[in-house]
Amino acid sequence: NGAGKSTLIKMLTGILMPTKGYMECLDMNPIYNHYNYTQNIGVVMGQKSLLWPHIPVETSFKLYKDIYLLSDDDYNSRIEVFDDMLSIRKYLKTPVRQLSLGERMRCEFVAAVLHNPKLLFLDEPTIGLDISSKRSIHQFIREMNRQYGTTIILTSHDLEDSRTLCNRVVIIDDGS
């Protein structure tokens, strides 16, 4: 805790501006090219939700469909693929606040990758998940990388996450 992992993710996603230096990712500056940059990234933060709590999951997904200018065909085919991977169809009509943490996190992942981002940032995505949900999320992450070539940057205290998902590891200690 306090090493700087989440701060780094927030800078790489354009949420926070670095206090000094220059940052570039995907040949863009996350702050100054924010609109174009965010079209190419997805973000899942275990402690922050992409979904609105009082509306059905599907309504949030359709909002992201419109934000990312997905066609109906692209949206429907992606929901079909993600249902095969994460069994999310049964949650589509349910308000997010009524989902368990594991069910919500499955839907969070779909919201983050609905537009097929080149780069997916995951900040403590499995925090608090039961073994079954964690296993499903791990399989989904590996499949996104394998099938779509999505580059994934993961922060985690959980060595199992790192061991299971990562082929390269960077340790951050007090911002270094």
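**Exercise 1.** With which residue does D72 form a salt bridge, and how far apart are the closest N and O atoms?

*Solution.* The model is predicted, and the distances are computed from its atoms. The partner of D72 is K65, and the closest N and O atoms of this salt bridge are 2.9 Å apart. Next, consider the accessibility of the lysine. Buried means under 20% relative accessible area. K65 has 11% relative accessibility and therefore counts as buried.

**Exercise 2.** Classify both partners of the salt bridge between R89 and E80 by accessibility.

*Solution.* Begin with the contact: the closest N and O atoms of R89 and E80 are 2.8 Å apart. The class between buried and exposed, called partly exposed, lies between the limits of 20% and 50%. R89 has a relative accessibility of 37%, so R89 is partly exposed. E80, with a relative accessible area of 39%, is likewise partly exposed.

**Exercise 3.** Which side chains make polar contacts with the side chain of D123?

*Solution.* First, locate the residue: D123 lies in strand β2 (residues 119-123). Second, examine its charge partners. D123 is buried but has no salt bridge, and the nearest side chain of opposite charge, that of K10, is 6.3 Å away. A salt bridge requires the nitrogen and the oxygen to be within 4 Å. Third, turn to the polar contacts. The side chain of D123 makes one with the side chain of S6 at 2.7 Å and another with that of T155 at 2.4 Å. Beyond four places in sequence, D123 touches S6, I9, V44, M45, G46 and T155.

**Exercise 4.** Which element gives the most to the lining of the largest pocket?

*Solution.* The largest pocket holds about 970 Å³ of space. Its lining comprises 28 residues, and L154, C166, R168, V169 and V170 are the closest to its centre. The elements that give two or more residues to the lining are α1 (5-12), α6 (131-148), β3 (151-155) and α7 (159-165). Strand β3 gives the most, with five residues.

Methods. Residues numbered from 1 in each chain as written. Predicted model: local features only at pLDDT ≥ 70, side-chain atom pairs only at ≥ 80, totals over all residues. Heavy atoms only, no water. Helix = DSSP H or I, 4+ residues; strand = E, 2+ residues; numbered from the N terminus. Buried < 20%, exposed > 50% of the residue type's maximum accessible area, 1.4 Å probe, protein only. Lys, Arg positive; Asp, Glu negative; His and termini not counted. Polar contact = N/O pair within 3.5 Å; in protein donor to acceptor, adjacent residues only side chain to side chain. Contact = heavy atoms within 4.5 Å. 1 Å grid on protein atoms, 1.4 Å probe; cavity = no way out; pocket = protein on both sides within 12 Å on 5 of 7 lines; lining within 4 Å. Points joined across faces, edges and corners; volume = space filled by probe spheres on them.
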